Amino acid sequence: MVTNLPAEAKAKFVKYMEAKTPEEKLKALEEFLSAVPKHKGTENLVRWIRRRMAELREEIEEKQRKRAGSSGLQFFVEKEGAAQVVLVGYTKVGKSALLKYLTGAKVEISDAPYATRFPVVGMMPYKDIQFQLVEAPSIIPEGGGWNTKVVGLIKNSDGVIIVLDAAKDADSQLNGLLSFLEGHGVVLEKPRGYVEIERAPSGGIRVVNYGILKCTEDNIVTLLNSYRIYNAIVKVYGEVDLDDVEKALFERIVYKPAIVLVNKVDLITGEHAKTLEKYLSMKIPLPLMLASAVKGFNKAYLGELLFNILNIIRVYTKPPTGEPSSKPLILKKGSTVLDVAKAIHKDFVKRFAYARIWGRSAKYPGQRVGLDHVLDDGDIVEIVLKKY
Ligand SMILES: Nc1nc2c(ncn2[C@@H]2O[C@H](COP(=O)(O)OP(=O)(O)OP(=O)(O)O)[C@@H](O)[C@H]2O)c(=O)[nH]1
Ligand SMILES: [Mg+2]
């Protein structure tokens, strides 16, 4: 609960929102922090402020480093393939070994801790597509170092593989990683609802409700006005209450689909592996896989787990007088013929006459459909254009 902040604190937060440079933001946050009353209800808020301040300090340092001539660490990885998935875990759990086994990437597998110091990339083939796997430098339990940059990498990705070492305490590794991520605004379980607030130059407070709102729109207007926000678009997804709206002012929680991969099972007994699997799958509702980068494992099964959590489908386009393309378009589940038309060419929507489809979403092969037809994985789509 972060409600009931005194007006003075709210006014300080407004100053933070209006600040432009990281230096101004940091100063405004310092003032905000000292104006926030410290009690159970503001614990999370205070934690967020402290973390945001640490991030800003890092940003300022990075800027100074750049100005001094040394290039900052390059942690951004351009997306390639069907999706970008980040391998996340503590040091020496075998992330490099897994990356090498799954993608053939040239990586340093080492017994020395923290051997991987920059993101390393490899392409993992699955059916007729490829996933881009990125090994993130290991999370440092003591904090600091590149931890924040790894969070940035994760936030920019499409999904996460949490890698645990079966030969060490898997439970505490999982707890540690989950609370680290949550502390940085990343959750791996789909939240029951979330809110996006976009500031607008005019138009008042507009609520766009895609879910279930557990308060009135007037409540939202009053709340935002108390932060001197008079123009904004508030988007509601899933089940949301007024508290969630206030939280969204301070921090955007990011949801990333994930699977848990327990590596080095070759080092434990079959009995132990079974118990571990049962225990972990009861603990967290994420797909779980036991593996060994040394002994090898079922790559296709891992590919299938990734494909499922990423919520994607493959669609093959076909010209009216030709064969379907061998390379599929990757679209979100629930995508329609309109999305395919847009992906091919912007004129295709304007000139669209009808489409013919083959595959799971077709009632019969070659069914004629319109732009709003929802597609399925493996479908073939032929778009027929109007003649001028
Ligand atoms: N027995 C066994 N050893 C493994 C397995 N996977 C990796 N290792 C060993 O564990 C050690 C660490 O492996 P890395 O792949 O370098 O670990 P990492 O997670 O990339 O660690 P960082 O150095 O922090 O990047 C190496 O000595 C590997 O040979 C496995 O499945 N079984
Ligand atoms: Mg490594």
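Biologist: What covers the buried residues of helix 2?

Modeller: The cover includes helix 1 (7–18), helix 3 (43–67) and helix 8 (242–250). The buried residues of helix 2 are Pro22, Leu26, Ala28, Leu29, Phe32, Leu33 and Ala35. Buried means under 20% relative accessible area, exposed over 50%, and partly exposed in between, with a 1.4 Å probe and protein chains only. Covering rests on contact, meaning heavy atoms within 4.5 Å.

Biologist: What are the ground rules?

Modeller: This is a predicted model: local features need pLDDT of at least 70, side-chain atom pairs count only at pLDDT 80 or more, and totals for chains, interfaces and linings use all residues. Residues are numbered from 1 along each chain as its sequence is written, chains are lettered from A and ligands numbered from 1 in the order in which they are written, and side-chain values use heavy atoms, leaving out hydrogens and water.

Biologist: What makes residues 22–35 helix 2, and how does its reach compare with the one expected?

Modeller: Helices are DSSP runs of H or I with at least four residues, strands are runs of E with at least two, and both are numbered from the N terminus. Helix 2 has 14 residues. Its first and last C-alpha are 20 Å apart, close to the 20 Å expected at 1.5 Å a residue. The expected span is 1.5 Å times one less than the number of residues.

Biologist: Which residues does Lys38 touch?

Modeller: Leu33 and Val46, not counting residues up to four places away in sequence. Lys38 sits in the loop between helix 2 and helix 3. A polar atom of its side chain lies 2.7 Å from the backbone oxygen of Leu33. The Lys38 side chain also reaches the backbone oxygen of Val36 at 2.7 Å. A polar contact is a pair of N or O atoms within 3.5 Å; within protein, one must be able to donate a hydrogen and the other to accept it, and residues adjacent in sequence count only if both atoms are side-chain atoms.

Biologist: Why does Arg228 count as it does for accessibility?

Modeller: Arg228 is at 48%, so it counts as partly exposed. Its place is the loop between helix 7 (217–226) and strand 9 (232–240). Arg228 has a positive phi of about 55° although it is not a glycine.

Biologist: And what class does Asn311 fall in?

Modeller: Asn311 has 30%, so it is partly exposed. Asn311 lies in the loop between helix 10 (299–309) and strand 13 (312–318). Its phi is positive, near 60°, and Asn311 is a residue other than glycine.

Biologist: How many residues surround ligand 1, and which are closest?

Modeller: There are 23, and the closest are Thr91, Lys95, Ala115, Ser138 and Asp266. A residue is near a molecule if one of its heavy atoms lies within 4 Å of it. Helix 4 (residues 95–103) gives the most to this shell, with three residues.

Biologist: How far is an oxygen atom of ligand 1 from an N or O atom in the side chain of Ser138?

Modeller: The distance is 2.5 Å. A polar backbone atom of Ala97 is 2.8 Å from an oxygen atom of ligand 1. For a backbone N or O atom of Ala293 the distance to a ligand 1 oxygen is 2.9 Å. The protein covers 88% of the 660 Å² of accessible area that ligand 1 has on its own. Accessible areas come from the Shrake-Rupley method with a 1.4 Å probe; for residues, only the protein chains shown count as cover.
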